[in-house]
Amino acid sequence: MPSSTSVPVELPKPPKLDLDKFIATALSSTPVELHPYFESFGKLHTRKLWHQLTLKLYEFFDHPLSRPFRVNVFEQFVRDFESKLNQLKLVEMGTKVSKEIDNPQSQLLFLNSILSRIDAEKSQEAYVLLLANIAYAKLVYGDLEGTKTDMDTAWKTLDRLEGVDTAVNASYYKVAADYYKARIFENAAAKAEYAPYYKHSLLYLACVDVATDLTSEERLLRAHDLGISAFLGDTIYNFGELLMHPILDALDNTQYDWIKKLLFTFNEGNIGKFEALAPLFPQEPILEENYPFLRQKICLMALIESVFKRNANDRTMSFQTIAEETRLPVDEVEHLIMKALSLKLIRGSLDQVDQKARITWVQPRVLSRAQIGELATRLGAWIDKLGSVEQRMAPHVSTAA
């Protein structure tokens, strides 16, 4: 399957548009519900009102009855004046139309043909959007290597742009996330792929309206996959951003609602709740297979949460205290702390003689509402402490004055 970054093969250019013949043919061969669109096409084209014509084409391509006619309208009508249209809008229409082409080679030929007619320098957003859709088409048909090539090419341009249309960002992040998901399917043991899937999925969701742009099935699948990636990602130790995202509501009252509970359990570092939910792991074999990793991860989360809850001047902890917090034998605590240090979850030092850990820093986190509440309580206590100090010092200040 050819890569879109090679010289694309262009579809033969259709004959010059005979507007009257095109409209007459369309009116005789399409449902009556579509006739007002074609009548408007003729009037707007004759008057060269390209912006209004673009809007009317959008309405037409969104109409359910237009599906069998979309490719012909694009190729026989739109292509005649495409250079006069906003190139991003042209690509948006073209990618929508391409989904009506069932044959993989024909679909890629159609998209590559549009790519050959887009000026990549003058229309960078359109170029990125088209490349992302070409990459997604290749992904659907199993060409992972071609997908990655087009993703990388698209990113080189996207990374330089500012104020990018959300549709462009969404297309890139969607194909990037689903590419890493496909890599996971190829090798479920490849933990390195879970973190990029998690990152790109959250970026994709930030570019769309979850309630309207995704179907209920898509929301459920995305929430499920994000949860699994959060658990198994070997660099993901802060679930706060996901826990506050409405995508997780898709798990409520489904067979996966326990995954949402498990996410909150990890974020709290609550080992007791983890052990209570562990009997459900056989419902997700990948979690059961990775139980030792998950057990270590919940212990690390418990350590992080324990440190976070302490005041900055109270973060020297004995191995015994850490063992109680993480439910580990004392002789395994040192290894756990070293693992946390190596992952840069904490900073500090170990005193092996006195069996103490002095923690000086905890990785910044996106806090859940409950954690923000705890932080507010600590801040209130600190303010009260400052107030009492001020009251004790006031008489001495007055005397000195």
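Trainee: In which sense do strand β2 and strand β3 pair, and over how many bridges?

Mentor: The model is predicted, so local features need pLDDT of at least 70 and side-chain atom pairs count only at pLDDT 80 or more, while totals for chains, interfaces and linings use all residues. Residues are numbered from 1 along each chain as its sequence is written, and side-chain values use heavy atoms, with hydrogens and water left out. Strand β2 (residues 346–351) and strand β3 (residues 356–362) pair in the antiparallel sense over 6 bridges. Two strands pair if DSSP finds at least two bridges between them, so the label applies. I346 stands opposite V362 in β3, and the hairpin has 4 residues between its strands.

Trainee: Why is the aromatic pair of Y179 and Y180 called edge-to-face?

Mentor: The search of the whole structure finds 22 aromatic pairs. In the pair of Y179 and Y180, the rings lie 5.1 Å centre to centre with 70° between the planes. Rings of Phe, Tyr and Trp (its six-membered ring) pair if their centres lie within 6.5 Å; planes under 30 degrees apart count as stacked, over 60 as edge-to-face and the rest as tilted. The pair is therefore edge-to-face.

Trainee: Why is Y179 called buried?

Mentor: Its relative accessible area is 4%. Buried means under 20%, exposed over 50%, and partly exposed in between (1.4 Å probe, protein chains only), so Y179 is buried. Y180, at 15%, is therefore buried as well.
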